[in-house]
Amino acid sequence: WYIAGLLAVHILIFFIFRKLAVPSKPKNWGFVHDETSKAPISRVVARLFNSQFNKLVDTQVTDSDGRYYFMAGDAKYYVTYEHKEYHPQKSDVIDLEGKEAEAITIDAKLKRH
């Protein structure tokens, strides 16, 4: 019973550390979809830029449901969207000045060539 008890404690500790090590999935997503059909677009390259310096901050590729997600804070940003079958698009400026890390989740509609 002693070894079984130690095994149970080790398994419990393993699951606790695993839960703490895996980052939580974001609750909000930005979606990219077709302007006319409203279907989600996968493999869109979404790039987050600092608008003051025009500096690339992060890049994400949308999943099969057209979802993407950025974390940013304390600056002004904009997002660009590119896909080979659609016209590129740029978002409006997102003002996060004076805020700590916040999710940037903007829905975008892309128009086909």
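Biologist: What makes Val9, Leu12, Ile13, Ile16, Phe17 and Leu20 a nonpolar patch on the surface?

Modeller: Patches are made of residues with over 30% relative accessible area and no salt bridge, where like charges are joined within 9 Å and nonpolar side chains (Val, Leu, Ile, Met, Phe, Trp, Tyr) within 5 Å. A salt bridge, in turn, is a side-chain nitrogen of Lys or Arg within 4 Å of a carboxyl oxygen of Asp or Glu. The residues of this patch have about 610 Å² of accessible area together, computed by the Shrake-Rupley method with a 1.4 Å probe and, for residues, with only the protein chains shown as cover. This is a predicted model, in which local features need pLDDT of at least 70, side-chain atom pairs count only at pLDDT 80 or more, and totals for chains, interfaces and linings use all residues.

Biologist: Is Ile13 buried, exposed or partly exposed, and how do you know that?

Modeller: Buried means under 20% relative accessible area, exposed over 50%, and partly exposed in between, with a 1.4 Å probe and protein chains only. Ile13 has 38% relative accessibility, so this residue counts as partly exposed. Ile13 belongs to helix α1, residues 2-21, helices (H or I, at least four residues) and strands (E, at least two) being DSSP runs numbered from the N terminus.

Biologist: Are Tyr68 and Phe70 buried or exposed?

Modeller: Tyr68 has a relative accessible area of 1% and is therefore buried, and Phe70, at 1% relative accessibility, counts as buried too. Tyr68 and Phe70 form one aromatic cluster with Tyr81.

Biologist: What makes the contact of Asp34 with Arg112 a salt bridge?

Modeller: The closest N and O atoms of Asp34 and Arg112 are 3.8 Å apart, which meets the salt-bridge limit. This pair links distant parts of the chain, since Asp34 is in strand β1 and Arg112 in the segment after β10 (108-110), 78 residues apart. Asp34 counts as buried at 6% relative accessibility, whereas Arg112, at 46%, counts as partly exposed.

Biologist: Which residues are linked with Arg112 in a network of salt bridges?

Modeller: Asp34 and Glu85 are linked with Arg112 in this network. The side chains of Glu85 and Arg112 meet at 3.1 Å, N to O. That pair also joins distant parts of the chain, with Glu85 in the loop between β6 (76-83) and β7 (86-90) and Arg112 in the segment after β10, 27 residues apart.

Biologist: How do you know that the charged end of Arg67 sits over the ring of Trp29?

Modeller: A charge sits over a ring if NZ of Lys or CZ of Arg is within 6 Å of the ring centre and within 35 degrees of the ring normal. The charged end of Arg67 is 4.6 Å from the centre of the Trp29 ring, and Lys90 likewise lies over the face of Tyr78, at 4.3 Å from the ring centre.

Methods:
Residues are numbered from 1 along each chain as its sequence is written. Side-chain values use heavy atoms; hydrogens and water are left out. Rings of Phe, Tyr and Trp (its six-membered ring) pair if their centres lie within 6.5 Å; planes under 30 degrees apart count as stacked, over 60 as edge-to-face and the rest as tilted.
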